[in-house]
Amino acid sequence: MITISEATSKDFKIIREIAYKTWPDVYGEILSAAQLDYMLKAFYSEEVLRDNVANNGHHFILAYDGAVCLGFASFQHDYLDDKVTRLHKIYLVPEAQGKGAGRLLVDAVVAYAKENHSKILSLNVNRFNKALTFYQKLGFEVVGEEDIELDYGYLMEDYKLEKQL
């Protein structure tokens, strides 16, 4: 049985491990190895994770099957000072994909968003990421595109998605 629990700073290690395990599978055909390495270090260092929680209002939740962590999600309420909850990250280890854990993570974020009186759940997804169909099945709609420039000339080419709550 899959359960969802709130993460603490003690869980940053497992969050990093899952990111490092899943990103090559998710983005290996989309991004160069150098960009993958850069982004993992930029988004998943202990310092960045701690800062996101302490100063940026991010919350992390974990999906477990017994004692095994299958994945995580992070979200932020009142995104851009609006009644929007932003799903910043959601990743599952490859062997857990297709077993319902992703849906449970999104459902948990929706529940938190509704508790916060958010009207919309938003996220960005890489335009070439197969997860787009997963989000669409959960009721997200593409509302735009966004290109985000990173250091070293790297580019994030995303769709902007929203789900009305």
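Trainee: How many strands does the open sheet have, and what is their order?

Mentor: In general, the strands of a sheet pair through backbone hydrogen bonds, either parallel or antiparallel. In this predicted model, the open sheet has 7 strands in the order β1-β2-β3-β4-β5-β7-β6, and the pairing is mixed. Two strands stand at the edges, β1 (2–6) and β6 (141–149); each has a single partner strand, so one side of each lacks a neighbour in the sheet. From one strand to the next, the twist averages 30°.

Trainee: In which sense do β2 and β3 pair, and over how many bridges?

Mentor: They are antiparallel, with 8 bridges. As an example of a bridge, A63 has G71 in β3 as its partner. The loop between β2 (58–65) and β3 (68–76) contains A67.

Trainee: Is A67 buried or exposed?

Mentor: A67 is exposed, because its relative accessible area is 75%, and the cut-off for that term is over 50%.

Trainee: What should I note about phi in the loops?

Mentor: Most residues other than glycine have a negative phi. H117, which follows α4, has a positive phi near 65° and is not a glycine. H117 is placed in the loop between α4 and β5 and is exposed, with a relative accessible area of 57%.

Trainee: Which residue in the turn of the hairpin of β6 and β7 has a positive phi?

Mentor: That residue is Y152, with a phi of about 65°; the hairpin has 5 residues between its two strands. Y152 is exposed, at a relative accessible area of 68%. The strands β6 and β7 run antiparallel and are joined by 8 bridges; G144, for instance, has K160 in β7 as its bridge partner.

Trainee: Where does helix α1 bend?

Mentor: The bend, of about 25°, is at K21, and the proline P24 follows within four residues. Helix α1 (residues 12–27) has 16 residues and reaches 21 Å from its first C-alpha to its last, close to the 22 Å expected at 1.5 Å a residue.

Trainee: Which residues of the largest nonpolar core touch the most other members?

Mentor: As a general idea, nonpolar side chains in soluble globular proteins tend to be buried together. Here the largest nonpolar core has 49 residues, and I15, W23, Y44, F72, L87 and F140 touch the most other members. Helix α1 supplies the largest share of this core, 7 residues. Leaving aside neighbours within four places in sequence, F140 is in contact with V106, L121, L123, Y135, L161, E162 and K163.

Technical notes
Residues numbered from 1 in each chain as written. Predicted model: local features only at pLDDT ≥ 70, side-chain atom pairs only at ≥ 80, totals over all residues. Heavy atoms only, no water. Buried < 20%, exposed > 50% of the residue type's maximum accessible area, 1.4 Å probe, protein only. Expected span 1.5 Å × (residues − 1). Bend = angle between axes of the 7 residues up to and from the residue. Core = buried A, V, L, I, M, F, W, Y, C linked by side-chain atoms within 4.5 Å. Contact = heavy atoms within 4.5 Å. Pairing = 2+ DSSP bridges. Axes fitted to C-alpha atoms, helices over the stretch in contact; angles between N-to-C directions.
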